[in-house]
Every structure is written in C-alpha cells, then in structure tokens.
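Colleague: Could you take me through the words used for this model, setting each value against its cut-off?

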Amino acid sequence: MYSTCLSNDEIRRQIHIQSEQKRRAQIKDGFEELKQHLPGCSHKKLSKAALLTRTVQQLEHMKKMQNELLAEVERLVKENSSLKKFAAAVDTHM
C-alpha cells in the first residue's frame, strides 16, 4: 500500500512537472512570436522585460499613428464635402 502511495505521489509530481514545463514553453513561444512582430527586434537578444517595454512603445506609436490617420481621413472627408458643394454651386451658375 505504501509503495502504491509513493507511486501515485510520484506520478502526480511528474504530471505537475510536465505541466509546468509546458506552461513555460508556451510563455517562451509567446515571447518569441511577439519578438518576431516587433520591427527591428526579430534578430536582437532582448530580455523579457525589454521586449515587453518595446511592445508597449510600439503599441503607443501605432495608436498615435491611428489617431493621426483618422484625423486625416476626417479632414479629407470635410474637404471632399466642401469641393462637392463648390462644384454644385459652379454647375448652377453656368
């Protein structure tokens, strides 16, 4: 009976070790994938902390670019509307 308990305990311990190894491998793979998507980082050696910092910087940069592009789209829509009104006014006076 005692040897069976040790076997079961050992089995549980091995399962736990394997689960932890799998979890660590998934985290490592996630950091590698993240690194591949960051401009200029795919071939650099970076710590996980540095990689996370660079990721936040990239996301902030992309958010800023998105806001600038949305503002430009809005400006162009207004300009297009003004030009259509101008063209319509010119057509009515001709």
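Modeller: Let us start with a definition: buried means under 20% relative accessible area, exposed means over 50%, and partly exposed lies in between, with a 1.4 Å probe and protein chains only. This is a predicted model, in which local features need pLDDT of at least 70 and side-chain atom pairs count only at pLDDT 80 or more, while totals for chains, interfaces and linings use all residues. Residues are numbered from 1 along each chain as its sequence is written, and side-chain values use heavy atoms, leaving out hydrogens and water.

Colleague: Why is Phe86 called exposed?

Modeller: Phe86 has a relative accessible area of 57%, and because exposed means over 50%, Phe86 counts as exposed. Phe86 lies in helix α2, residues 48-92, where a helix is a DSSP run of H or I with at least four residues, numbered from the N terminus.

Colleague: How do you know whether Asp9 is buried, partly exposed or exposed?

Modeller: The relative accessible area of Asp9 is 39%, so Asp9 is partly exposed, whereas Arg12, at 53%, counts as exposed.

Technical notes. Helix = DSSP H or I, 4+ residues; strand = E, 2+ residues; numbered from the N terminus.
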